[in-house]
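User: Could you walk me through the cavities and aromatic contacts of this model?

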Amino acid sequence: MKFYLSSYKIGNEEQKLIDITKNGNKKVAYINNALDFATDLERKNKSDAMDVSDLKKIGFTVDILDLKKYFRNTEGLQEKLNKYDVIWVRGGNTFVLAQAMRLSGFDKIIKKYYKDKKNILYGGYSAGVCILGPTLKGIHLVDDPDQKPYGERYHQTFWDGLHILEYAIAPHYKSEHPESEDIDKAIEYMVNNKIPFRVLKDGEVIIIE
């Protein structure tokens, strides 16, 4: 399993992303559930369309995969995901993304892919990469942990990440991004609470092959 973990959008390693997926089917499952809390749907759809366009420009075929359609249908989701060479998870609210992953069983599927060393690439940015670490503590100073777009009765706030990475990721570090100041607070929290982390400036990418 490979990882292409960007701070924002595709970042500055576009050619590397092309290279490490050259032997696959170039089909991308684009997961946008981190924005399920958004009320400005026109803005959300425009943002998704820009992401999809960026991926298509470098040779990918992109399908938007809505995890809400697979809540309590993990088997169906796994069957769907098996058709793709790349899973791309966009930014938004990391806690909302955690809820969608838990309710659909995506969390179990991606952990199994990782354990089995499946030939697939997990890529994404911001919330999409923050979710891979051991904890979402610290990120709560950037993203609202109380956003519950799927209803209060189904779950509590999930504070665990996917535990695929042994460290948290702090994106938008010292960048021209509206969340950069809050990321400084998140980093201070992680330092004080001895949470291992790596920072990413916008444009920077962590690549794991």
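Analyst: Happy to! A cavity is a set of points on a 1 Å grid over the protein atoms alone where a 1.4 Å probe fits but cannot get out, and lining residues have an atom within 4 Å of a point. Grid points are joined across faces, edges and corners, and a volume is the space filled by probe spheres set on the points. This is a predicted model, in which local features need pLDDT of at least 70, side-chain atom pairs count only at pLDDT 80 or more, and totals for chains, interfaces and linings use all residues. Residues are numbered from 1 along each chain as its sequence is written, and side-chain values use heavy atoms, leaving out hydrogens and water.

User: What volume does the largest cavity have?

Analyst: Searching the whole structure gives two cavities of 30 Å³ or more. Residues lining the largest cavity include Ser126, Cys130 and Asp143. Its volume is about 50 Å³.

User: Which helix gives the most to the lining of the second largest cavity?

Analyst: This cavity holds about 30 Å³ of space, and among its lining residues are Lys9, Trp88 and Tyr125. Helices here are DSSP runs (H or I, at least four residues), numbered from the N terminus. With three residues, the top contributor is helix α2.

User: Over which ring does the charged end of Arg102 sit?

Analyst: A charge sits over a ring if NZ of Lys or CZ of Arg is within 6 Å of the ring centre and within 35 degrees of the ring normal. For Arg102, the distance to the centre is 3.9 Å, and the ring belongs to Phe158.

Note on methods: On a 1 Å grid over the protein atoms alone, a cavity is a set of points where a 1.4 Å probe fits but cannot get out, and a pocket is an open set with protein on both sides within 12 Å along at least five of seven lines; lining residues have an atom within 4 Å of a point. Helices (H or I, at least four residues) and strands (E, at least two) are DSSP runs, numbered from the N terminus.
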